[in-house]
Amino acid sequence: NTLAKTSRWMVLMKPRNQNVTYYQVLKSLLIGQTLNTLYPARVGDLSRAHIIGSLGAGRTYVLGTVGVEKVIEMFSYAVLFIILLFLIPLPDWVSSSGYTFTFIALVVTLAVIFVTYNRGFFMRIIERVSSWLPERMQSFAAPRLQGGIASLDILKSNTDLIKLGLWSALVWGTALLNNHLTLLAFDIHLPLTASLLILIALQVGISIPSVPGRFGIFEYICVLALGVYGIDQATAFSYGILLHAIIMLPTTMLGLLFFATSGLSREDISVRSTSTLNPTVAPKENPRSPSNNVEQSEGN
C-alpha cells in the first residue's frame with residue numbers, strides 16, 4: 001500500500017522529479033504519515049513538501065502535488081461509496097456522513113478540473129483580486145500560487161491519468177484486502193462488502209481531527225461497522241485493535257527511523273515548515289558540505 005502511494009506521488013511530481021529518487025520519496029512519505037499520526041494538524045503534509053521541495057522540485061509545487069493527491073483520494077472515496085450504495089443498505093451513521101463527504105469530494109474534484117483546464121482565466125481573476133493588496137503581499141502570493149497551480153498540469157496528460165488511476169486502484173485495493181485478510185485471521189467469514197464498509201467508515205472517521213493515532217475512534221468505528229453483520233462487540237473491538245496495529249505500527253516505526261536519520265527535529269518541523277510555502281527560501285546548507293568548501297577555497 002505504501003509503495004503504491006509512493007509510485008503515485010512520483011507520477012504526480014513527474015515534470016520535476018528528475019533529481020528525486022524513489023527512496024527519497026518513500027522516506028518522505030513515511031515521515032509525513034508518522035507526523036500526521038502523532039500530530040493532529042496534518043504537519044506531515046507540510047514536512048513532505050519541505051523535504052522533497054528542498055531537493056529542487058520547489059516546495060509550493062510539491063505541496064500542490066500533495067493537494068492533488070488528497071483530491072484523488074476524495075474522488076476515489078466517492079466512487080467506492082457510490083458502489084457500496086448499490087451493494088448493501090447502509091446504516092444511517094454511514095450514509096449521512098458518506099453523502100456529505102461524497103458531495104464535497106465531487107465539488108472539489110470539479111473545481112480542480114475547472115482550474116486545470118482554465119488556468120489562464122483563473123490566474124487573471126487572482127491577479128485582479130491581488131491587485132487590491134499591497135505590493136509586498138502581491139509579490140509574496142504570486143509565485144506561491146503559480147507554483148501550486150503548476151502541479152495541476154499533470155492532470156492534462158491522459159497517459160499520466162491512467163497511471164494515477166491504476167496506482168490509486170492498487171492503493172485502495174490493498175487497503176480493502178488488508179481489512180478482509182484481518183477478518184479471516186479472526187476466522188470471521190463475511191462478504192467483501194463488509195471489508196468495504198469498514199474501509200469507507202474508517203476513511204470518514206479518521207479524517208476528522210482527533211487524538212494522536214486515532215486511538216479509540218478507530219476501534220469504535222470497527223465495532224459499529226461489524227455490528228451491521230452481527231459480530232459481537234468484543235470480537236469487533238479485538239479486530240479493530242489488530243487492524244489498527246497492522247496499519248499503523250510498521251509505517252510508524254519506519255517513519256520514526258527515517259525521521260531520526262534525516263537530520264530533522266521537532267523544531268525543524270514547527271519552524272521550517274513555515275517556509276514551505278516560500279519557493280524562494282533555499283534549504284539550509286551544512287557549513288561542512290562540499291559546496292561550501294568549494295566556495296571558501298575560491299574565496300581564498
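Helix α4 gives the most to a nonpolar surface patch, with four residues. The patch is made by F75, V79, I83, L87 and L106 and covers about 410 Å². The model described here is predicted. The protein has 13 helices and zero strands, and 44% of its 300 residues are buried.

- F75, one of the residues that make the nonpolar patch, is found in helix α4.
- F75 counts as partly exposed because its relative accessibility is 39%, which falls between the 20% limit for buried and the 50% limit for exposed.
- G67 also lies in helix α4.
- The relative accessible area of G67 is 30%, so this glycine is partly exposed.
- G67 and G148 are 81 residues apart along the chain, while their C-alpha atoms are separated by 8.9 Å.

**Overall make-up**

- Along the sequence the pattern reads α-α-α-α-α-α-α-α-α-α-α-α-α.
- The accessible surface of the protein comes to about 16,000 Å².
- Carbon and sulfur atoms account for 67% of that accessible surface.
- Among contacts between residues at least 6 apart in sequence, 68% join residues at least 24 apart.

**Nonpolar cores**

- In soluble globular proteins, nonpolar side chains tend to be buried together.
- The largest nonpolar core here holds 33 residues, and within this core I198 and L226 touch the most other members.
- Five helices each supply at least two residues of this core: α4 (59-87), α8 (158-185), α9 (192-206), α10 (217-227) and α11 (233-261).
- Helix α9 gives the most to this core, with nine residues.
- Leaving aside neighbours within four places in sequence, L226 is in contact with L183, L190, I198, I231, A236 and Y239.
- Another core, of 31 residues, lies apart from the largest one.
- The members of this other core include L12, I52, L155 and F258.

- L242 itself is partly exposed, because its relative accessible area is 33%.
- Residues touched by L242 are T182 and F186, not counting residues up to four places away in sequence.
- L242 and E219 are 23 residues apart in sequence, and their C-alpha atoms are 9.2 Å apart in space.

**S7 in helix α1**

- S7 has its place in helix α1, which spans residues 2-12.
- The relative accessible area of S7 is 11%, so this serine is buried, the cut-off for buried being under 20%.
- Not counting residues up to four places away in sequence, S7 touches Y22 and W167.
- With Y22 there is also a polar contact, made between the side chain of S7 and the side chain of Y22 at 3.2 Å.

Technical notes
Residues numbered from 1 in each chain as written. Predicted model: local features only at pLDDT ≥ 70, side-chain atom pairs only at ≥ 80, totals over all residues. Heavy atoms only, no water. Core = buried A, V, L, I, M, F, W, Y, C linked by side-chain atoms within 4.5 Å. Buried < 20%, exposed > 50% of the residue type's maximum accessible area, 1.4 Å probe, protein only. Contact = heavy atoms within 4.5 Å. Patch = residues over 30% accessible without salt bridge, like charges linked within 9 Å, V, L, I, M, F, W, Y side chains within 5 Å. Areas by Shrake-Rupley, 256 points an atom, 1.4 Å probe, with all protein chains shown as cover. Salt bridge = Lys/Arg side-chain N within 4 Å of Asp/Glu carboxyl O. Polar contact = N/O pair within 3.5 Å; in protein donor to acceptor, adjacent residues only side chain to side chain.
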